[in-house]
Each structure stands twice: as C-alpha cells, then as structure tokens.
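Here's a quick tour for anyone meeting this structure for the first time. Have a look at it below, then read on.

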Amino acid sequence: MKLITRVFCTMGIAVCLASCSVFVNKKLQSSLPQKDEPAKPIFASAPVYVSPFAVRASQARSYALKNNFSMSYCFLIDMSIQSGRNRFFVYDLERNMVMMSGLVAHGNCKQGFLNDPKFSNIPGCGCSSLGKYKIGEKYIGQYGKSYKLYGLESTNSNAYKRAIVLHGTTCIPDREIYPQGVCNSFGCAMVSQTFFERLASLIDRSKRPIVLWVYN
C-alpha cells in the first residue's frame, strides 16, 4: 500500500513539474521580443501621372485668389518649348486641366529672326518679358482687336510702356509646324487669328481679369 501511494505521489510531482515547465516556456516565449518581418515592397498597379502644369497652375490659382483675378482660367506660355509647337495653354483652374493650346511667337530682340527666345524688360528692346501679366482692356489697333497687358513683376514691369499686347496675326498658323519655328513679334504675345478669337471669347466673358504667365 505504501508502495502504491509512493508511486502516485511520484507521478503527481512529475505531472506538476511538466505543467510548470510548459507554463514557464510559454511565458518566456511571450516575453521575448518579436522579430520584425521585413517590409514588403508596395508596387503601384500603374504609373502615377503628374501633370507638368500642376505646380504652375497651383501657384497661378493662389495668386489669382489673393489678387482678385479669375478663378476659372489662367493662360500659361511655356517659352522652353520650341515655337513651332503649341506652347500657349489655356488652363481650366476649376477642372484642373488644359482645355486648349496654340502657337505663340516670341520677340526678335531686334535681331531680324530669333529662333530661341531671349528676355528683357528694357523699353525698346523688342524682346519677350517673363512673368505674370494682367490681361487688360481690349482696343482696336494695328492688328485689329487686341488686349493690353500689364506686367505684374519686376521682370515685365515695363510691358504697358512698351505696348506689349495680346493679339492675333496671319503669320501664325493654326497648327504646329515643328521643326520649323513661327514668325517673331516685337515682344507681344502673338497668336493665330483663330486661336485669338477663342481666347477673346473667354476674356470677354470673364467677370475678373485673367492672369497670363510667361515662363521659361
């Protein structure tokens, strides 16, 4: 009888020790720091398209808001583009997209014909001037209906004094002619007659002046 009791006691102790061992192991495992799994790379299902006008349009929108200009449209002229390609862009600020584009001349700086634009704000220079402009009142001049331009920055502050305007002309075609370039102006934003009429329709309907921005 004593032998049986001793056997049961021994078995009980063994079971108790085994249970304690399992408990201690689980506690140790839970207390050990977990190894961080390496981050899995995330791949886009398609390339993300960023409009080349996004930053410029955002700046134009902020400028228009602060200075009471049209919040519907702005006109962007990218002089880094060859003149035989469309580089005058009408940007819809509400829908955040280019709604139409056309050819535009740059000034010849009194050098006959200038293939690549040069920029100056000096009266009588004949060059284009960089910067933001206010499109002002329309008038009838040498090229028919035209719009006066008022320079809003130090780089184009003499625009009104220099008679820099937005107008149409027959020497600018309606379609791109790259690799050829279009005719030069004396610093004016000069476009085709057809494109000018489309611009004039927007300008005349706008309750606020539209920003025209020439950049390179």
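Let's start with asparagine 108, which touches Leu114, Gly126, Asn184, Ser185 and Phe186, not counting residues up to four places away in sequence; contact here means heavy atoms within 4.5 Å. Asparagine 108 sits in the loop between β3 and β4. At 8% relative accessibility, asparagine 108 counts as buried (buried means under 20% relative accessible area, exposed over 50%, partly exposed in between, with a 1.4 Å probe and protein chains only).

Keep in mind that this is a predicted model, where local features need pLDDT of at least 70 and side-chain atom pairs count only at pLDDT 80 or more, while totals for chains, interfaces and linings use all residues. Residues are numbered from 1 along each chain as its sequence is written, and side-chain values use heavy atoms, with hydrogens and water left out.

**The sheet as a whole**

- Eight strands make up an open sheet with mixed pairing, in the order β3-β2-β1-β8-β4-β5-β6-β7.
- β3 and β7 (189-192) are at the edges with a single partner strand each, so one side of each has no neighbour in the sheet.
- On average, neighbouring strands of this sheet are turned by 30° against each other, direction ignored.
- A word on terms: helices (H or I, at least four residues) and strands (E, at least two) are DSSP runs numbered from the N terminus, and two strands pair if DSSP finds at least two bridges between them.

- Six of the six residues of β1 are buried, so the strand is largely enclosed by the rest of the structure.
- Tyr73, Phe75 and Ile77 point one way from β1, while Cys74, Leu76 and Asp78 point the other way.
- Strand β1 (residues 73-78) pairs with β2 in the antiparallel sense over five bridges.

- Strand β2 (residues 88-92) is mostly covered, with five of its five residues buried.
- From β2, Phe88, Val90 and Asp92 point one way, and Phe89 and Tyr91 the other way.
- β2 pairs with strand β3 (residues 97-102) in the antiparallel sense over five bridges, and tyrosine 91 stands opposite valine 98 in β3.
- The hairpin of β2 and β3 has four residues between the strands, and in it asparagine 96 takes a positive phi near 55°.

**The other edge and the helices**

- Strand β6 (residues 165-169) pairs with β7 in the parallel sense over four bridges, with histidine 167 opposite methionine 190 in β7.
- Helix α2 (residues 54-67) lies across β1, β2, β4 (131-141) and β8 (211-215), running at about 140° to β8.
- Helix α3 (residues 193-205) lies across β1, β2, β3, β4, β5 (144-151), β6 and β7, running at about 65° to β5.
- For these angles, axes are lines fitted to C-alpha atoms, for helices over the stretch in contact, and angles run from 0 to 180 degrees between N-to-C directions.

**The largest pocket**

- About 300 Å³ of space lies in the largest pocket (a pocket is an open set of points on a 1 Å grid over the protein atoms alone, with protein on both sides within 12 Å along at least five of seven lines; a cavity is a set where a 1.4 Å probe fits but cannot get out; lining residues have an atom within 4 Å of a point).
- Grid points are joined across faces, edges and corners, and a volume is the space filled by probe spheres set on the points.
- The largest pocket has 20 lining residues, and Tyr143, Ala163, His167, Phe186 and Cys188 lie nearest its centre.
- Tyrosine 143 lies in the loop between β4 and β5, and at 34% relative accessibility this tyrosine counts as partly exposed.
- Leaving aside its neighbours within four places in sequence, tyrosine 143 is in contact with His167, Gly168 and Thr169.

**The cavity**

- The largest cavity has a volume of about 80 Å³.
- Its lining has 13 residues, with Ser128, Gly187, Cys188, Ala189 and Val214 nearest the centre of the largest cavity.
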